[in-house]
Amino acid sequence: MSVLRNTLTQSSWTLGSRILGFARDLVILAKLGAGPVADAFFTALMFPNLFRRVFAEGAFAQAFVPAYARTMEAEGEEAARNLAEETLRGLLAVTVGLVIIAQVAMPWIMLLLHGGYRNDPVHFPLAILLTQITMPYLAFMALAALLSGVLNSAGRFGMSAGAPTLLNMCLLGAAFIGSDNYDVAQSLAIAVTVAGALQVALLWYGVSRQKVRLNIGFPKLTPGVKRVAALAIPGTIAASGMQINIVVSQALASFEAGAKSWLYSADRLYQLPLGLVGVAVGLAILPRLARAARASDEGDSRDIMDNGIGLAMALTVPAAAALMAAPFLFVDSFFTRGDFTSDDAALTAQALFHFGWGVPAFVLIKVLAPGFFAREDTRTPMNFSLISVVVNTVLGAGLFFFLKSQGVYGFPGLAIATSTAAWINVILLFATLKRRDWYNPGPELLKRLVSVMLASSALGALLWYLASISGQISEVALDSKFVGAIVIALAGAAAYLVFALVFGAIRLSDMKGALRR
């Protein structure tokens, strides 16, 4: 129940953030459309998204929390505070240095990330300028991640999960500032950095309320900082493989005008279950796994992992089924407006379908990796993450240019490569946990996973049928595609709840317990 309760806390705040983010994306896509200006802005936004997902959504926290919790338990609150303060100072020094280097080197960095526009005298410099404006977000997100780790170690998940809403609110407001899409893009870039400062201020206040007083000062390479760095650097790389894959895909997509916008739009939909479920479950189970590992309680570790995987798949596989059964319905109904056309929606749907079958893998990575982090092994997941990056790069480039040589769009190949690389990462993580006898799933989990597959298959068939008659549904739903899609989504959610209860994917006792909590 602790896993479910903490997951629900994290997911509830994340849901609010994602709803705001969805509204933000509707406005941004309507203002910028799918073209060179949008591609330039989404290149600049790629860095904040990368840093937010790598740092704030658990990668750094998953490496920092075990070290902080161990120090708290073994040496007391003051030693843990000192460790957090020393790490804060070192992290700030490193990230500020990286920001300065990136600002100077941005024209050369952009040749890698936005090389398809290198001969465009207007939009290539625009991408450089916008990314330079958003770069300070790196330092803010690093600080936010450490502060979130302190809060999570104290069992406080709400504020760290709610902080990203500030980014969405700032971007939503900035989207209405500017006379044309060039001005709007610059307003949005400025809003990113402003939002980063606000997030740090909020989390700093939250940490202060826990009576943890941190001071910024000159960094020192203390034994505590070295220990955290030894865990955090490979741990951050390990947990950011998927995000690196997205960056690689975006870099290749720059050789196809509009492809970055289509991939970004698909990203906004498939990232929803990842943020609501994968990140939430991963953060919720890590402190308990760390305690079980310190106590050498393998039975408790297995139960925690079984509960985490079972819960994650019960909520994620149906989302994957929905994205694969009706990708165009959701993209067209939600995003088609202003400069974003139905043709853009159809192309986005191609990518969304292939991201859809990768969604369970994206989530499983977040749930399996804590099995290593709890034992302070961050190097093994890092190695597997780097393998997935190599697979994604080679396969993605091969498929992208092969499809283009056949006279069709190449960007769907990037989605195929990203999902394939994620599944390879999952296989490596699970096989290693099992081989080391750190995790062997119980029979109840296997039965539950079969039930999840059956219930999700039934949901996919239902949504495929509803998508085929979506025109008729929209006519009676205020004659609106948007309202019609909401009706279909709600009907699917209700139907899945029934299917899940019938097939045993969700236990009624868990639901009653969650409601009592």
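I will start with one residue. Ser480 caps the N-terminal end of helix α22, with a side-chain oxygen 3.3 Å from the backbone nitrogen of Phe482. Please keep in mind throughout that this is a predicted model.

Let me stay with α22 for a moment. The helix runs over residues 481-503, which makes 23 residues. From its first C-alpha to its last it reaches 32 Å, close to the 33 Å expected at 1.5 Å a residue. Just past the helix comes Gly504, which takes a positive phi of about 90°.

Which residues of α22 are buried? They are Gly484, Ala485, Ile488, Gly492, Ala495, Tyr496 and Ala500. An α-helix has 3.6 residues a turn, so residues three or four places apart point the same way. The buried residues of α22 pack against α13 (298-325), α14 (327-335), α20 (443-468) and α21 (470-476).

Now the protein as a whole. Of its 517 residues, 58% count as buried. Take the contacts between residues at least 6 apart in sequence: 83% of those join residues at least 24 apart.

How confident is the predictor? The pLDDT averages 82, and 84% of the residues score at least 70. Among the elements, helix α19 (residues 411-435) has the highest mean, at 94. The lowest mean, 55, belongs to helix α23 (residues 508-516).

The largest nonpolar core has 132 residues. Which residues have the most contacts inside that core? Phe41, Leu188 and Tyr496. The largest share of the core, 11 residues, comes from helix α4 (residues 77-113).

Leaving aside residues up to four places away in sequence, Phe41 touches Ile28, Leu32, Leu130, Ala185, Leu188 and Ala189. So Leu188 is both a contact of Phe41 and one of the residues with the most contacts inside the core, which I mention because the core is defined by side chains joined within 4.5 Å. Phe41 also belongs to a cluster, in which ring pairs link it with Phe42 and Tyr264.

That brings me to aromatic pairs in general. A pair of aromatic rings is described by the distance of the centres and the angle of the planes. The count for this model comes to 14 aromatic pairs. In one of them, the rings of Trp262 and Phe411 have their centres 5.2 Å apart and their planes at 40°, so the pair is tilted. Trp262 lies in helix α12 (residues 259-294) and Phe411 in helix α19, so the pair ties together parts that are 149 residues apart in sequence. Are these two residues buried or exposed? Trp262 counts as buried, at 5% relative accessibility, and Phe411 counts as buried at 0%.

Phe430 and Tyr439 form another aromatic pair, this one edge-to-face, with 6.3 Å from centre to centre and 80° between the planes. Tyr439 is buried, at 2% relative accessibility. Phe430 is partly exposed, with a relative accessible area of 32%.

While we are in this region, a word on helix α19. It has 25 residues and reaches 37 Å from first C-alpha to last, close to the 36 Å expected at 1.5 Å a residue. Asp437 lies in the loop between α19 and α20. Although Asp437 is not a glycine, it has a positive phi of about 60°.

Ser187 lies in helix α9 (residues 181-209). At 15% relative accessibility, Ser187 counts as buried, because the cut-off is 20%. What does its side chain reach? The side chain of Ser187 reaches the backbone oxygen of Ile177, at 3.0 Å. Not counting residues up to four places away in sequence, Ser187 touches Ala174 and Ile177.

Gly173 lies in helix α8 (residues 165-174). At 40% relative accessibility, Gly173 counts as partly exposed. Gly173 and Ala191 are 18 residues apart in sequence, and their C-alpha atoms are 8.5 Å apart in space.

That is where I will stop.

Key. Residues are numbered from 1 along each chain as its sequence is written. Side-chain values use heavy atoms; hydrogens and water are left out. Helices (H or I, at least four residues) and strands (E, at least two) are DSSP runs, numbered from the N terminus. The expected span of a helix is 1.5 Å times one less than its number of residues. Buried means under 20% relative accessible area, exposed over 50%, partly exposed in between (1.4 Å probe, protein chains only). Contact means heavy atoms within 4.5 Å. A polar contact is a pair of N or O atoms within 3.5 Å; within protein, one must be able to donate a hydrogen and the other to accept it, and residues adjacent in sequence count only if both atoms are side-chain atoms. pLDDT is the predictor's confidence in each residue, from 0 to 100. Rings of Phe, Tyr and Trp (its six-membered ring) pair if their centres lie within 6.5 Å; planes under 30 degrees apart count as stacked, over 60 as edge-to-face and the rest as tilted.
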